[in-house]
Amino acid sequence: MRTHRLAMARFGLRLSVTGGRESVARLVLIASAVALGVGMLLAIVAGINAVTTQNDRTAWLSTRGEDSDPSGSLWWLDRHDFFRGHEIERIDVAAAGPDAPVPPGVERLPGPGEYYVSPALRTLLASTSAEQLADRFPGRQAGVLSKDAVPAPDDLIVLVGRAPDDLTSIGGVDRISAISTKTPESDASVIRAILGIVAIGLLFPILIFINSATRLAAARREQRFAAMRLVGATPRQVSWVAAVESTVAVTIGTVVGFALYAALRGPIAEIPFTGAASYSDDVRLTVGNALLVGLGVPVVAAFSSLFALRRVRISPLGVTRRVTPRPPGIWRIVPLIVGLAELAWFVGHRPASTDEQTYAYLGGILLVMIGLMLAGPWLTMALSQVLAARSSRTSTLIAARRLADDPKGAFRSVSGLVLALFVTTVAIGVITTMTSERRAESSPGDASRLQLYVPEGVTAVPASVDARLRATSGVTHIVGVKVAGGSGYTTLASCADLARWPDLGRCPAGAAVVEVQSAELEPGTVWPASTVSAEELARLPLAEMFVQTDGSAVAVEQVRTALEAGFGDYAQPPSSEADRNSSFLRAMAVWRQVASVIILASLPIAGCSLAVGVVGGLIERRRPFSLLRLSGAPLRVLRRVVAMESALPLLVVSAVAIGSGLLAAHLFLRSQLNISLRAPGAEYYLVVGFGLIASLGLIASTLPLLRRITEPESARNE
């Protein structure tokens, strides 16, 4: 028995590589397509691993008040800072005992007057004047944080050593006994959401592409194996030959796919999935990943080949008689409706936790995608019936008949693009609406005016700070806002200061002090007079400082550094409107990046699936088309048939996918943010239009093959 199996395996191998030009061409085409699909699949999996590793490195930066311990041996203060649009993560530490925990990335805690920096911040410090950046950090640079403490290559992080007495006087400081080794659940949930979207948006099209590649010339193989059954081959023998023949091409493609992945590691590391690039050695596969793909793809291809031969195993005449398969039922549209209904149900019933929201929304979108895949063949069949009933042209009738005969096969070639259009529509619809609704935060904002919340106990700007600010080129105005005591929190400003800086508003006639709202300091505002006198105002504590610059980057950073150096126990850094908007802009940039990765990757993948599907369909139908041509059908009629068979299902089901995507985006926005979908901008129509036009171009590019594959010799029985 074992010898018999080996003989059939050798026979299958010989069929794969010595079966003539057609067999070799099929082997090369399948191997190339599988290599591309496997390479992209491995790249996505490795990219997901890199994002997970990057997120794990943020754990120590997430040490917060919940980790506090009154008897802890380390004082810990987590603050952030800004520099030219970039955020700096600043951690101040002071040992409170002999066994103080040491953060990752360093061998010891920095002492008072020392600080460690990330490699990117070290480069920035070396290329920037001290009065713009280095003066913010007391002491000297003692070393560089290793990669264990720096999540991404471009992250700006500083670990500052302080004396305990200096640090304990600052608001927000915590005493801890251990440094966090787990990322916050909110951050982990966001990462899971990002990875879930990437997996759904990209893995589906890639798997469809690989499946399309392994099915190339399936009908031709069925005919050959049916002929083997007619001359006496047993079903088991045919199964062995089929499994070997399919596995050879897929195995070659899988090996080449691993080589393609190795070449893509560098470019993948540069993709900022979460707003930051990854280290190249973080883009890697686990042993489980490699085994799953390396063994799984050939095994699935072999089983897929055996499943495709079920008609041959039932009877050798199952292929030659060409029995039309049962048409798809209307039940296929049910999952699509259920998926949309699930998303609709969550409007007004939003899950409580971030993880529950992620699973709920991604589950609904995944169900809609599955529904589109199931509904596609039924929609294709319905389209064929409409065409047959309303057209009298020969090409249209032939196309309608062929679509009705095999709606699953007709839809299979365009299914990848349908999914890509759905995902593109959801992504752009959600991001466009969020940006429109939060337009104020979506704009860069004014970067020229810096605001500082002054630490408690300060009644006037220190003379050294005031002198440094006034000596800075580009500073035009300096105003301090004070706070009145009592039961309420009332901020006051001197009319003499407002007279020199009218952009903050003005005082009514005769007033010396006015009550102001720091968030609403705008030109033209007339502030109400206060009963506090100018003398009393001078004795009140300082609450906030506003410094106006000419907007130049050098002036802004010099002012920021002067304020931080002068008020070293600040709780929040000096910031401009642009700085305060930057967190939202960065979050939107992350989601735009995720959307761009999905769109830019899924559309080409879908295009490859379409090309493989159309070419495979032509190869499988070369003999029927040759017979039609021999019977007098003009070549132009056959070309119209092929074009309509591919283009019509593409356009019809794409319209359903786009409509489903817009509805899914609207339901998500209503549930999660209580806002309605805004009409997508020109970017969306350009992307969709380009995708459809490029797809139609791919279909048109295959039409010249008809002349060659419908030559008279192709009509012979094989």
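**Close-up 1. Helix H13 passes helix H23 in a right-handed crossing.** The model shown here is predicted. H13 covers residues 394-405 and H23 covers residues 635-672; their axes come within 8 Å and cross at roughly 50°. That angle makes H13 oblique to H23. Two packed helices are described by the angle between their axes and the distance between the axes.

**Close-up 2. Residues of H13 meet residues of H23.** On the H13 side the contact is made by Thr394, Ser395, Thr396, Ile398, Ala399, Arg402 and Leu403. On the H23 side, Val637, Arg640, Val641, Met644, Glu645 and Pro649 take part. Sorted by class, the contact has 7 nonpolar, 3 polar and 3 charged residues.

**Close-up 3. Five strands form an open sheet with antiparallel pairing.** The order of the 5 strands is E7-E11-E8-E9-E10. The edge strands are E7 (449-453) and E10 (513-516), and each of them pairs on one side only. From one strand to the next, the twist averages 30°. Strands of a sheet pair through backbone hydrogen bonds, either parallel or antiparallel.

**Close-up 4. Strands E9 and E10 run antiparallel.** Threonine 491 stands opposite valine 516 of E10.

**Close-up 5. Helix H17 packs on the sheet.** H17 (residues 463-470) touches strand E8 (475-484) and strand E11 (542-549). The direction of H17 makes about 150° with that of E8.

**Close-up 6. Helix H20 lies across E7, E8 and E11.** H20 consists of residues 553-566 and runs at about 160° to E11.

How values were computed: Residues numbered from 1 in each chain as written. Predicted model: local features only at pLDDT ≥ 70, side-chain atom pairs only at ≥ 80, totals over all residues. Heavy atoms only, no water. Axes fitted to C-alpha atoms, helices over the stretch in contact; angles between N-to-C directions. Helix = DSSP H or I, 4+ residues; strand = E, 2+ residues; numbered from the N terminus. Parallel < 35°, antiparallel > 145°, perpendicular 65-115°, else oblique. Left-handed = near helix turned anticlockwise from the far one by under 90°. Contact = heavy atoms within 4.5 Å. Nonpolar A, V, L, I, M, F, W, Y, C, P; charged D, E, K, R; others polar. Pairing = 2+ DSSP bridges.
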